[in-house]
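I opened the model today and kept notes as I went. The entries follow the order in which I looked things up.

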Amino acid sequence: MEFREQDFKYVIQNFSNVYIGARCTYEEAAEHMDMPSRLKTAIYRMVYGGEITREETIASHLLRLAKKDMGYLFYSQLKLQVKVLSIEKVTDKKGVEKEAACEKIYSIEQFVEDEQLKEQAQKDKVIVQEIFFKKLHLTGLSV
């Protein structure tokens, strides 16, 4: 399976959730018209605080995130969920082996603690697809 770079660059809101594509740079995400203003402010504080750069993608930041980082505190306040896509070989009922995309959702705590997942993502066996959180948690974010 092949993915284009634009496949995971988006910011979408529905009634209760905010979804952000993990291939977006922080600058693209912050400048997107659907990005909540409270989240924009938090991103700019992380940029000017020196933890991230504007050109860094959300996926690359998540892969290097540690529990002591300010970004981890920020994402854990949002109770962030990370959707990960992996391509696995699956055998059907007839015994034919083919590739299938499997999605898994991790909490930010699970994602940061799972070193094996991070290694697979760096080897391009796993793709960090999107992050999402509830808007209710955004109201509790101290900016």
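Which element gives the most to the lining of the second largest pocket? I found that α4 does, with 4 residues.

**Basis.** I am working from a predicted model, in which local features need pLDDT of at least 70, side-chain atom pairs count only at pLDDT 80 or more, and totals for chains, interfaces and linings use all residues. I number residues from 1 along each chain as its sequence is written, and side-chain values use heavy atoms, with hydrogens and water left out.

**Second largest pocket.** I noted a volume of about 230 Å³ for the second largest pocket. Its lining has 12 residues, and those closest to the centre are R45, M46, M70, F74 and S142. Two or more lining residues come from each of α2 (37-48) and α4 (70-77). By class I listed 7 nonpolar, 3 polar and 2 charged residues. Here Ala, Val, Leu, Ile, Met, Phe, Trp, Tyr, Cys and Pro count as nonpolar, Asp, Glu, Lys and Arg as charged, and the others, Gly among them, as polar.

For my own reference: on a 1 Å grid over the protein atoms alone, a pocket is an open set of points with protein on both sides within 12 Å along at least five of seven lines, whereas a cavity is a set where a 1.4 Å probe fits but cannot get out; lining residues have an atom within 4 Å of a point. Points are joined across faces, edges and corners, and a volume is the space filled by probe spheres set on the points.

**Cavity.** How many cavities of 30 Å³ or more does a search of the whole structure find? I got 1. The largest cavity has a volume of about 60 Å³. Of its 13 lining residues, I20, L39, I43, Y75 and I131 are the closest to the centre. At least two lining residues are supplied by each of α1, α2, α4 and β5. The class count is 13 nonpolar, no polar and no charged residues.

**Chain.** I counted 7 helices and 5 strands in the protein chain. Helices (H or I, at least four residues) and strands (E, at least two) are DSSP runs, numbered from the N terminus. The pattern along the sequence reads β-β-α-α-α-α-β-β-α-α-β-α. The radius of gyration is 16 Å, close to the 15 Å that the globule rule gives for 143 residues, so the chain is as compact as a globular protein of that length. That radius is taken over C-alpha atoms, and the rule is 2.2 Å times the number of residues to the power 0.38. The C-alpha trace spans about 55 × 30 × 25 Å along its principal axes. Buried residues make up 42% of the 143; buried means under 20% relative accessible area, exposed over 50%, and partly exposed in between, with a 1.4 Å probe and protein chains only.

**Sheet.** In what order do the 5 strands of the open sheet stand? I read β1-β2-β5-β3-β4, with antiparallel pairing. β1 (11-13) and β4 (97-107) stand at the edges with a single partner strand each, so one side of each is left without a neighbour in the sheet. The twist averages 25 degrees from one strand to the next, with axes as lines fitted to C-alpha atoms, for helices over the stretch in contact, and angles running from 0 to 180 degrees between N-to-C directions. I call two strands paired if DSSP finds at least two bridges between them.

I then went through the pairs:

- β1 and β2 are antiparallel over 3 bridges, and a hairpin joins β1 to β2 through 3 residues. Q13 stands opposite V18 in β2.
- β2 (residues 17-21) and β5 pair in the antiparallel sense over 5 bridges. V18 stands opposite F133 in β5.
- β3 (residues 81-91) and β5 (residues 126-134) run antiparallel, joined by 6 bridges. L85 stands opposite I127, and the bridge partner of S86 is V126.

On burial, 8 of the 9 residues of β5 are buried, as are 4 of the 5 in β2.

**Single residues.** Is E31 buried or exposed? I logged E31 as exposed because its relative accessibility is 51%. E31 lies in helix α1 (residues 26-31). Its C-alpha atom is separated by 27 Å from that of Q122, 91 residues apart along the chain.

K79 lies in the loop between α4 and β3. Its phi is near 55 degrees, a positive value in a residue other than glycine. At 49% relative accessibility, K79 counts as partly exposed.
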